[in-house]
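Please load the model in your viewer and keep the selection panel at hand.

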Amino acid sequence: MALAAETTPEVGPTAGMGFERLRTAVLPVAFAAALLALWEAIAVLGGYPKVILPAPSDVLAALLGDFGEICRQAVPTLRDTLTGFALATVLGIALAGLMTFSRLLKQAIYPLIIVIQLVPKIAWTPLFIVWAGIGTPARLAIATFIAFFPIFIAMVAGLESTDGSLVRLCRSLTATPWRIFWQVRLPASLPYLFAGLKIAITLAVIGVIVAEFISSSEGLGFMILKSAALLRTDLILAAIVVLCVVGLACYGAIDLGERAVRRWRGE
Amino acid sequence: MIGAGDYVVVDRLAKTFNPGTRQQVEAVATTSFSVKAGEFVSLLGPSGCGKSTLLMMIAGLDAPSQGAINVAGRTMQSPRAETGVMFQDPTLLPWKTAIDNVLFPFEAMGRPARPQAERAAALLDQVGLAGFHHHKPRQLSGGMRQRVAICRTLVFEPDLLLMDEPFSALDAMTRDDMNLVLMRMWEEHHRTAIFVTHSIREAVYLSDRVLVMSQRPGRIIADVAIPFARPRGLEIGETPEFNAICSHLRGKIQQMAH
């Protein structure tokens, strides 16, 4: 009886939590909608030419009108982003892993990578085009290069943060360095890896778009540049909307992966 | 297995950290002792006296600066697969369930773990974790985690158990409980064991023999046999004989401090 009496008041806080969650979902949407309405009003009432400031309704019209074409252009962008990202992930994990096996290697390579990482990676783009030509290999190389660093650095930090007592336990069990890496260091560093992956995926998109600006005849970056040349500002914004959705989907997929890993780790 | 006689021989062992530098620390002074097969020996001493360093050298995880360690007739160079080590922390893999943690030694050694699942489950039941086989460490209490660690240490049937203050992070009641669990498991499996502790009562309760270590640099200043018959219950802790041995040991430690 006492239990029931004590449970009842909890309905209040629970309902409050539900409202709080609803608010965190509704508030940003409402704010974005208000901004769009304001933009629409300024564009229509201000009488700006469509080339300078298309109204959101114009962007929507362009999006619906050229939806097939925009989606067709999104395919190579997404493909190159994901391929570059995957390559960067494999390279980043492998190189970071290699460093846990050899202190000498780490002392030799790590500072150099940090120095290269300090230079804005986009500055290297023309060089990759000189080396790899105008085409998919150059775009992949740029995406991989730019996405590599956050993954590598996060992975080095993750591997280094591995609980020393776990490693000592493995040594007492006569585990080989390879087994220690595979069974303890790698799983222990996954939370760090996911932090790096989240940064890397957004950078990979940037890399591919910049590469498409410079050297492409397809992709959303190419489409944006072509639309600018044709003064189709509405189409630029429509392409950006699709790009935004593509980026969100990639990020969301990694976020889901991270949650799965958290659950697996019993958090 | 060696029959009667010495199973672990520590011969003029010494350890100095960072020799020749300003941070030079003499952790263990020249120390010799031996442990017979099937014997439970405690290394008792104040915190920081080098007893853990001594144990880690016997485990092959730390290299001695001087001297040698002989286990089962072979000189220690590196960790041996037949030694089970228990650390101060349970050192469980957080992403593995209790039973998978118990099975981890097989994975680490590259041996198939699956055929051992039944044995692991039986061990967990024995230490009172029957309903918790598939819980992850985060869902277990400190005492439960250390029970899982006991099972993990025993599952691959090591012939030598090395325990480094395994219960020092637990509260007094849980600690008594763990001593009882350890005692039961040890009586059943009967391995040679070296147990490091700074608790006098714990050492007396568990051991056949207690080696008292001095403050740093540690060396052995007393070797006291504990005569109680086994199996031992926790109630022997209230007997006058038990308390007499405890005060004798306390006297030895205090004598050193002056």
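With how many C-beta neighbours inside 10 Å does Asp255(A) count as buried, partly exposed or exposed, and which of these is it? Select Asp255(A) and display what surrounds it: there are 14 C-beta neighbours inside 10 Å, and therefore Asp255(A) counts as partly exposed. The cut-offs behind that class are that a residue is buried if 20 or more other C-beta atoms lie within 10 Å of its own, exposed if 12 or fewer, and partly exposed in between, with C-beta atoms placed from the backbone.

Before going further, note that this is a predicted model, in which local features need pLDDT of at least 70 and side-chain atom pairs count only at pLDDT 80 or more, while totals for chains, interfaces and linings use all residues. Residues are numbered from 1 along each chain as its sequence is written, and chains are lettered from A and ligands numbered from 1 in the order in which they are written.

Asp255(A) belongs to helix H12 of chain A, where helices (H or I, at least four residues) and strands (E, at least two) are DSSP runs, numbered from the N terminus.

Axes here are lines fitted to C-alpha atoms, for helices over the stretch in contact, and angles run from 0 to 180 degrees between N-to-C directions. Among the residues that make the contact are Leu190(A), Phe194(A), Leu197(A) and Ile201(A) of H10(A), and Cys250(A), Tyr251(A), Ile254(A) and Val261(A) of H12(A); two residues are in contact if their C-beta atoms, placed from the backbone, lie within 7 Å. By class, the contact of H10(A) with H12(A) has nine nonpolar, three polar and two charged residues, where Ala, Val, Leu, Ile, Met, Phe, Trp, Tyr, Cys and Pro count as nonpolar, Asp, Glu, Lys and Arg as charged, and the others, Gly among them, as polar.

Next, keep H12(A) shown and select residues 56–65 of chain A, helix H3, whose axis comes within 8 Å of that of H12(A) and crosses it at roughly 70°. H3(A) and H12(A) are therefore roughly perpendicular to each other. On the H3(A) side, look for Asp58(A), Val59(A), Ala62(A) and Leu63(A), which meet Asp234(A), Leu235(A), Leu237(A), Ala238(A) and Val241(A) in H12(A). This contact of H3(A) with H12(A) holds seven nonpolar, no polar and two charged residues.

After H11(A) comes Leu231(A), with a positive phi near 60°.

Zoom out to chain A, which has twelve helices and zero strands. Its radius of gyration is 24 Å, well over the 18 Å that the globule rule gives for 267 residues, so chain A is more spread out than a compact globule; the radius is taken over C-alpha atoms, and the rule is 2.2 Å times the number of residues to the power 0.38. Of those 267 residues, 32% count as buried.

Switch to chain B, where seven helices and ten strands are found. The radius of gyration of chain B is 18 Å, close to the 18 Å that the globule rule gives for 258 residues, so chain B is as compact as a globular protein of that length. In chain B, 43% of the 258 residues are buried.

**Domains and the contact between chains**

Colour chain A by domain 1 (8–46) and domain 2 (56–264), whose bounds come from an automatic or database domain assignment; their C-alpha centres lie 32 Å apart. In chain B, select domain 1 (1–82 + 159–169 + 188–258) and domain 2 (89–157).

Finally, show both chains together: the contact takes 20 residues from chain B and 18 residues from chain A.

Technical notes:
Parallel < 35°, antiparallel > 145°, perpendicular 65-115°, else oblique.
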